[in-house]
Amino acid sequence: MSTEALATFRPSAQQHTEAAYQELLAHFSQVFARIAQGATEREQQRILPFEQVQWLKDAGFTTLRVPASHGGSPISHEHLFRLLIELAAADSNVAHLLRSHFSFVETIGLQPQEFQDRWFPRVLAGEIFGNAATERGGNALGSTNTKLVKTDAGWVLRGEKYYTTGSIFADWVVVMATTEGVEGRQYAVVERHAKGVEILDDWDGFGQPLTGTGTAIFTDVAVDEQNIIQRKVASTLEPAFFQLCLLSVLVGIGKAARNEAARIVATRTRTFNTGSGALFKDDPQIQELVGRLASNVFAAESIVVSAARDLDAALDPSLGLNAEEAFLRAELAVQQAHVAAPKLVLDATSELFDVTGASAVSTSKSLDRFWRNARTVATHNPVAFKARSVGDYFINGTIPTGLHSIGEAKGAK
């Protein structure tokens with residue numbers, strides 16, 4: 001896609017209809033198809049998808065939630081997450097690494113007008129954002145070891161992060177830090193290539209290897225005071241948005257596994273002495289296996305899309321929801337999706353091996369990548385905690401809440 005396409009493409013922003021979504025999908029389907037080409041080889045050879053990210057920027061994909069008041073043509077959450085599912089089906093790494101970007105675009109919209117006026121034009125220009133929030137350990141819950149320090153020359157950032165998904169591809173990194181004497185935590189937005197910023201590709205997880213989810217080191221990085229914001233997530237829809245990004249990636253992995261299962265069966269000519277002797281594609285038992293796998297993926301996608309619609313409903317002014325009602329509408333829907341969808345996809349990516357033979361485990365085919373990637377995404381937030389929260393709500397009416405922080409538990413030695 002050319003930069004001209006970025007400048008001229010304007011989706012039917014306020015038409016949250018199926019026709020509007022199909023218009024979006026038609027625009028992006030070609031770039032998704034290009035991204036799908038070589039996705040397996042990139043994982044096998046650990047080739048980071050810098051080029052593929054640029055294609056999406058050129059196509060305008062990263063601008064899709066900029067408000068109309070700032071020159072954008074914002075699409076609904078439902079349409080964004082459906083597109084992310086299709087992108088993840090092409091390459092789950094690429095969809096995942098953009099989670100930080102789209103999340104910060106949502107954060108910009110919660111800030112004062114001056115902040116929006118400074119950052120939305122950058123998003124429209126194609127600039128993207130990465131994340132540096134979590135530390136490996138040693139930080140107290142609700143605090144960070146990464147600090148913002150006021151010096152004679154101005155503010156500087158000092159610290160080290162891990163799980164910095166997307167930052168190696170980004171133009172800007174959104175860094176969570178704490179400041180002595182200031183309650184809570186802050187976001188410091190710094191340039192990816194600024195002096196003192198070092199980002200390593202050292203993510204050692206067995207899945208999602210190309211997301212840039214590694215170490216970021218900040219050594220006296222200069223920070224413009226205008227680019228420091230207080231982190232506030234209580235009773236906002238940000239946590240629901242963050243999680244729906246991950247669930248969309250998970251469903252996309254399931255769709256890719258479904259497509260691969262169908263392709264394998266349709267083209268297989270070799271059979272077993274214990275089978276019917278028919279071609280796999282004509283064997284009723286194999287057809288049933290693929291049908292069950294596909295149905296699991298359909299159910300997972302339906303759950304995630306339904307939750308995205310609840311996120312849209314929470315923001316619909318015509319419903320007249322107050323802040324607490326809006327939060328509950330979105331958060332409860334996403335928490336239930338979080339409990340239900342991962343197992344469906346994990347089952348599907350495991351059942352992929354049941355539709356073929358021992359040759360499926362050949363490392364040259366990398367069929368294990370679907371399960372590995374799905375398992376990695378599904379571990380981001382333990383399902384048990386979300387299930388408990390949902391149960392507490394339906395039993396006791398307790399509004400779902402979260403710590404919104406990762407660190408050492410109280411009493412830890």
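Reply: The account below takes the helix pairs in turn and places selected residues beside them.

The model is predicted: local features require pLDDT of at least 70, side-chain atom pairs count only at pLDDT 80 or more, and totals for chains, interfaces and linings use all residues. Residues are numbered from 1 along each chain as its sequence is written, and side-chain values rest on heavy atoms, with hydrogens and water left out.

The UniProt record, in an unreviewed entry, lists residues 33-127 as "domain: Acyl-CoA dehydrogenase/oxidase N-terminal". UniProt positions are given in the numbering used here, feature names are shortened, and annotations may be inferred rather than shown by experiment. In the model, the span 33-127 is 66% helix and 0% strand, and its end C-alpha atoms lie 23 Å apart. Helices (H or I, at least four residues) and strands (E, at least two) are DSSP runs, numbered from the N terminus.

Helix H5 covers residues 77-90 and helix H9 covers residues 238-267. Their axes are 7 Å apart, and the packing angle is about 40 degrees. Axes are lines fitted to C-alpha atoms, for helices over the stretch in contact, and angles run from 0 to 180 degrees between N-to-C directions. H5 and H9 are therefore oblique to each other; under 35 degrees would count as roughly parallel, over 145 as roughly antiparallel and 65 to 115 as roughly perpendicular, with the rest oblique. The crossing of H5 and H9 is right-handed: a crossing is right-handed if the near helix is turned clockwise from the far one by less than a right angle, and left-handed if anticlockwise.

The H5 side of this contact includes His77, Leu80, Phe81 and Leu84, and the H9 side includes Phe241, Leu244, Cys245 and Ser248. Contact means heavy atoms within 4.5 Å. By class, the contact of H5 with H9 has 13 nonpolar, three polar and two charged residues. Ala, Val, Leu, Ile, Met, Phe, Trp, Tyr, Cys and Pro count as nonpolar, Asp, Glu, Lys and Arg as charged, and the others, Gly among them, as polar.

Ser248 belongs to helix H9 and counts as buried, at 0% relative accessibility. Buried means under 20% relative accessible area, exposed over 50%, and partly exposed in between (1.4 Å probe, protein chains only). Not counting residues up to four places away in sequence, Ser248 touches Phe81, Leu84, Ile85, Ala88 and Val304. Ser248 and Asn259 are 11 residues apart in sequence, and their C-alpha atoms are 17 Å apart.

Leu279 is partly exposed, with a relative accessible area of 37%. Its C-alpha is 8.6 Å from that of Val265, at a separation of 14 residues in sequence. Leaving aside neighbours within four places in sequence, Leu279 is in contact with Arg268 and Thr269.

H10 passes H11 in a left-handed crossing. By class, the contact of H10 with H11 has 20 nonpolar, one polar and five charged residues.

For H11 and H12, the axes come within 8 Å and the crossing is at roughly 165 degrees. H11 and H12 are therefore roughly antiparallel to each other, and H11 passes H12 in a left-handed crossing. Pro342, Val345, Leu346, Thr349 and Ser350 of H11 make this contact with Phe370, Trp371, Ala374, Arg375 and Ala378 of H12. By class, the contact of H11 with H12 has seven nonpolar, two polar and one charged residues.

Ser366 sits in the loop between helix H11 (323-351) and helix H12 (368-378). At 7% relative accessibility, Ser366 counts as buried. Ser366 has a positive phi of about 55 degrees although it is not a glycine. Most residues other than glycine have a negative phi. Asp220, in strand S7 (residues 216-223), has a positive phi of about 50 degrees and is not a glycine. Asp220 counts as partly exposed, at 42% relative accessibility.

Finally, Gln111 is found in the loop between helix H7 (99-108) and helix H8 (113-124). Gln111 is buried, with a relative accessible area of 16%. Leaving aside neighbours within four places in sequence, Gln111 is in contact with Gln116 and Ile229.
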